[in-house]
Amino acid sequence: MRPTLGRLRGWNPDSLAAAATRLAAGSRAYAIAVAAADRLVRDAARYWTGAAADAAVARSGREFASATVVSGVSERIATALESGAASIGAARAAALEVADHASADLGLHVTDDGRVNAPRVPWTSGLVAGALVQARLNESARVCQARLSAALDSVDEADRALARELRRGAADLTDHPAAPTAAATPPPKTATPEQNSRYWSGLSQEQRRWVLAEHPDWVGTSDGIPARVRDAANRSVLAADRRRIEQRIAELRSGAVEFGRSGIAGQLAWAEFADARSRLAEIAAVERTVDRPDRQLLVYRDAGRHLQAAVAVGDVDIADHVAVYTPGVNANVADGLDGYTSAVERLRAETARQLDAAGRGDEDVATIAWLDYRAPQLDPDHPLAAAVDAVRDLGGLHGAEAGGERLAAFLAGITASRADAPHLTALGHSYGSTTTGLALRHGGTGVDDVVFLGSPGIGTDDVGDLGLAPGRVYVAEAHGDPIADLAAFGADPNRMAGVTSLSTAAGTTSDGQERAGARGHSQYLDDNTLSQYNLGAVVGALPGHVVEGTDAGIADWVPGSILNDLRDKVFGAGLDLGDLLGLPGGVRLPCPQADERGEQP
C-alpha cells in the first residue's frame with residue numbers, strides 16, 4: 001500500500017542509515033568477542049584433556065559457528081538498511097518535490113493520498129480565456145498526477161524491497177540454529193563436478209540452508225555447485241576469516257603476545273603478526289573486488305602462504321556465454337585480482353556490445369578471472385624465491401600442470417552446475433595459456449572455444465589434443481611480444497596447423513570501427529584494441545566478426561634464423577632466459593625434458 005503524503009513527510013530515512021551503522025558495528029564487536037572466547041577455549045585445550053575438555057571445545061565451536069552466521073546475517077541486514085535508506089530517501093524526496101511544486105508553484109490541489117486536481121476557473125474571467133486557463137490547469141494536473149503516482153510507486157517499491165530483505169534476514173536468524181530433520185553430510189573431497197552437482201540437487205531446501213549457515217566451506221570451492229551458492233558460501237567464509245584475523249591482530253597488539261620477548265618466542269610472535277597483516281591485505285583485495293554489483297566469488301581458497309580466488313562478472317548460472325580468463329606469471333590475489341576482474345568486466349561489455357549490434361542483445365554474458373593456481377612469482381625484490389620459481393615452473397610445467405588439473409574441474413563444473421550448457425570460452429595468457437592448454441587435455445571441460453594470448457606453448461604440439469571442434473582454437477600474438485615466440489611448452493601455437501590467428505594490429509572491425517593495436521606482452525585485453533574486439537567476438541560466439549591476421553615475430557617468418565626455434569635456442573642452448581623475463585642476477589633455466597613440454601616420447 002502506497003504511503004500517504006502526510007506519512008511520507010514524517011519519515012526519516014537517515015535514521016535507517018544510522019541504524020545500519022550501529023548494527024554493523026555491533027555485529028563486528030559480537031563476532032570478535034565470540035572468536036576471542038573460542039580461541040581461549042582452544043588454547044586451554046592444549047593443556048586440558050578429557051571428556052569435559054572435548055565437550056567444551058565442541059560447544060565453543062558450535063557457538064563460534066552460530067556467531068558467524070548471526071554476524072553475517074546482521075551485516076547483510078545492515079547493508080540492506082543502508083541501501084534502503086538511500087533508495088527510500090531518494091524516492092521520498094522526488095515524491096515530495098512533485099507534490100510541493102504542484103501545490104505551491106502551480107496552484108493545484110494535492111490530496112493526502114496523492115491525487116492532483118486543478119482548481120475551477122471562475123467564469124468572470126471570460127468564456128474563452130477561462131476555458132483556455134482551465135485547459136492548461138487540467139493538463140498541468142494530469143502531468144503532475146502521473147509524476148506523483150510514479151514517485152509514490154517508487155517509494156512503495158523501495159519500502160517493500162527493504163521489508164523483504166528484513167524479513168529474509170529475520171528468518172535466517174530464526175531458522176539457522178536448528179539442524180535439518182535429515183542431517184546433511186559434506187560432499188566427498190574427491191568428488192567430480194558431476195557428483196557435486198548431484199550432491200547439491202539431492203539436498204532439501206532445509207538442508208541447503210543449514211549447509212550454507214553452518215558449513216559454507218563444504219560448497220564454496222566445490223566445482224559443480226551453482227555459482228550463486230558458491231558466492232554466498234565463499235562470502236561467508238571470507239567474512240569469518242576477516243573477523244578471525246582481525247581478532248588475532250588485536251590480541252597481538254594488545255599484548256596477548258609480547259613482541260619484546262627475546263629469543264625464538266619473540267621472533268615467532270613477530271612472524272605471526274607479519275603473516276596476519278599480509279593475509280588481511282589479501283582478504284581486503286578480495287573484498288574490494290567483489291564489493292561491486294554483478295560480481296560472484298566463485299573460489300576463495302586458503303592455499304597456505306597465499307589466497308587463491310576466482311571472481312565472475314555477471315551471473316554464471318544463467319549467462320548464455322561464459323568466458324574464463326587465466327593469467328600467467330606474477331598473477332596473485334593481493335596485487336592482481338581486482339585488475340584482472342576489471343579487465344574481464346570490460347571484455348564482457350565489449351561482448352555485449354557486439355551481441356547487441358548483431359541483434360542478439362537478449363543474450364547474457366559472464367566473464368571470470370580465474371586465479372586458483374600458483375602462478376610463478378618473479379619478484380625482483382626476492383631474487384632467491386624468483387630463481388626457485390623460474391627453475392621449478394618456467395623451466396618445466398609444475399605450476400601449469402597442477403593449475404591445469406584444477407582449471408579443468410572448474411570449467412567442467414560450470415556446465416555440471418546448470419540444466420543447460422552455456423557457450424563456454426577459455427582464455428589463457430602467457431603461462432596461463434599453458435595452464436589452459438593442459439586443462440583442455442584432461443577432456444570433458446565443456447569448452448567450446450579457446451584463445452591463447454602471448455603463449456609460450458600450450459602443452460602440446462598437436463591441436464587435436466585439446467579435444468575441440470575444428471576452427472574453435474584461436475591464438476593472438478602482439479607485435480613485440482618475445483614470450484609468444486619461446487615455444488617453451490610445446491610448439492609455437494602461432495605456427496600450429498588448425499589454429500586461427502587473430503589480428504592484434506591496429507585496424508578496422510567488421511562493423512567499421514577503428515581500433516588500436518596491442519603491443520608487447522600485456523595489452524591483449526586493453527580497451528579499444530582490435531585484440532579486445534576479437535576476444536569479444538569469440539566469447540559471444542560471433543566467429544564471422546573476428547578479424548584474422550598474424551602479427552608474428554621474426555621467429556615465425558625467417559627460415560634458418562637464429563630465432564627460428566627459440567625453444568632450442570633458449571632452453572636447449574642455455575640462453576639466459578632470466579634476462580629476457582627481467583629476472584635478477586641472470587637466472588639461467590634448465591632445459592625441460594620432452595615430456596615436460598607436452599611432447600610424446
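Strand E7 (residues 423–429) and strand E8 (residues 449–453) run parallel and are joined by 5 bridges, where strands, like helices, are DSSP runs numbered from the N terminus (E of at least two residues for strands, H or I of at least four for helices). Two strands are taken as paired if DSSP finds at least two bridges between them. This is a predicted model, in which local features need pLDDT of at least 70 and side-chain atom pairs count only at pLDDT 80 or more, whereas totals for chains, interfaces and linings use all residues. Residues are numbered from 1 along each chain as its sequence is written, and side-chain values use heavy atoms, with hydrogens and water left out.

## The sheet around E8

The chain passes from E7 through H12 to E8 in a β-α-β crossover that is right-handed, meaning that, with the strands pointing away from the viewer, the path from the first strand over the helix to the second runs clockwise. On to the next pairing, E8 is joined to strand E9 (residues 473–476) by 4 bridges, and these two strands also run parallel; here Val 451 stands opposite Tyr 474 in E9.

These strands belong to an open sheet of 8 strands with mixed pairing, in the order E3-E4-E6-E5-E7-E8-E9-E10. Its edge strands, each pairing on one side only, are strand E3 (295–302) and strand E10 (500–502). Neighbouring strands of the sheet are turned by 20 degrees against each other on average, direction ignored, with axes fitted as lines to C-alpha atoms (for helices over the stretch in contact) and angles running from 0 to 180 degrees between N-to-C directions.

In E8, 5 of its 5 residues are buried, a label given to residues under 20% relative accessible area, while exposed means over 50% and partly exposed lies in between (1.4 Å probe, protein chains only). Both faces of the strand are covered, with Asp 449, Val 451 and Leu 453 buried on one side and Val 450 and Phe 452 buried on the other.

## Helix H12 and Thr 436

Helix H12 (residues 431–441) lies across strand E5 (321–326), E7 and E8, and runs at about 140 degrees to E7. Thr 436 lies in this helix and is counted as buried because its relative accessible area is 1%. Leaving aside residues up to four places away in sequence, Thr 436 touches Thr 326, Leu 407, Ala 426, Leu 427, Gly 428, Val 450 and Phe 452, contact meaning heavy atoms within 4.5 Å. The side chain of Thr 436 also reaches the backbone oxygen of Gly 432 at 2.8 Å.

## Salt bridges

Counting a salt bridge wherever a side-chain nitrogen of Lys or Arg lies within 4 Å of a carboxyl oxygen of Asp or Glu, the total comes to 31 salt bridges.

| Pair | Closest N and O atoms |
|---|---|
| Arg 142 and Glu 139 | 2.6 Å |
| Glu 350 and Arg 515 | 3.0 Å |
| Glu 363 and Arg 360 | 2.8 Å |

Arg 142 and Glu 139 both lie in helix H4 (residues 127–175), 3 residues apart, which is about one turn of the helix. An α-helix has 3.6 residues a turn, so residues three or four places apart point the same way. Glu 139 is partly exposed, with a relative accessible area of 39%.

Glu 350 counts as buried at 7% relative accessibility, and Arg 515 counts as buried at 6%. By contrast, Glu 363 is partly exposed at 22% relative accessibility, and Arg 360 is partly exposed at 21%. Separately, Arg 292, Arg 295, Asp 338 and Glu 345 are linked in a network of salt bridges.

## Helix H13

Helix H13 (residues 530–539) is mostly covered, with 10 of its 10 residues buried; among them are Tyr 533, Leu 535 and Val 538. H13 is followed by Ala 541, whose phi is positive, near 55 degrees.

Note on methods. Polar contact = N/O pair within 3.5 Å; in protein donor to acceptor, adjacent residues only side chain to side chain.
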